[in-house]
Amino acid sequence: MSETVQAGTTDVLSALHVLEFPYKRSVGPVIGRFLAGLRDGKIEGIASASGKVMVPPVEYDPETAAQLTEFVPVSDAGVVTSWTWLAEPRPKNPVQQPFAWALIRLDGADTALLHAVSAPEEAMRTGRRVKARWRPERTGHITDIECFEPEDA
């Protein structure tokens, strides 16, 4: 619905616009396998031509554009490489108390995975070791990892 609003001497036209993406994307064999692994409580990366292990896995080598097929199991624990604090979580955030969004390089991986870390702000730091907290019931989605927590918690 649009309407014309009188603003001083200028008419302003306004219209309600809803931004949405009403389509579904198939995940394909690489991300599909990654998500199935999450459902089963395990994490897999994929090896590039140079031997680097990327998590989450990608379908094509970023350096050579070759198709990638060599899956590599990695740990569900790793090191925070970068993070930012979120003092006021939003309703759809994975954790409903203040938490950190962090890049986490899992043991066995060469790239970092973005996920939530549930820890007090004063406990967060680059280099902190964290471990996945898995949901009891998993469905094959990134939220099967509820969040990461400090290993020493």
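A patch, as the word is used here, is made of residues with over 30% relative accessible area and no salt bridge, and nonpolar side chains are joined into one when they lie within 5 Å. Keep in mind that this is a predicted model. With that in hand, let us take a walk around the structure.

**On the surface**

Leu19, Phe21 and Tyr23 together make a nonpolar surface patch of about 430 Å². Phe21 can be found in the loop that links strand S2 (10-15) to helix H1 (28-39). Another loop, the one between strand S4 (53-54) and strand S5 (71-74), holds Ala65. Both residues count as exposed because their relative accessible areas, listed below, are over the 50% cut-off.

| Residue | Loop between | Relative accessible area |
|---|---|---|
| Phe21 | S2 (10-15) and H1 (28-39) | 60% |
| Ala65 | S4 (53-54) and S5 (71-74) | 56% |

**A pair of strands**

Now turn to strand S7 (residues 99-106), which runs antiparallel to S8 and is joined to it by five bridges. Within this pair, Trp101 stands opposite Ala116 of S8. The hairpin of S7 and S8 has six residues between the strands, and its Gly108 takes a positive phi near 100°.

Is strand S8 mostly covered or mostly open? Mostly covered: of the five residues in S8 (residues 113-117), four are buried.

Note on methods: Residues numbered from 1 in each chain as written. Predicted model: local features only at pLDDT ≥ 70, side-chain atom pairs only at ≥ 80, totals over all residues. Heavy atoms only, no water. Helix = DSSP H or I, 4+ residues; strand = E, 2+ residues; numbered from the N terminus. Buried < 20%, exposed > 50% of the residue type's maximum accessible area, 1.4 Å probe, protein only. Patch = residues over 30% accessible without salt bridge, like charges linked within 9 Å, V, L, I, M, F, W, Y side chains within 5 Å. Areas by Shrake-Rupley, 256 points an atom, 1.4 Å probe, with all protein chains shown as cover. Salt bridge = Lys/Arg side-chain N within 4 Å of Asp/Glu carboxyl O. Pairing = 2+ DSSP bridges.
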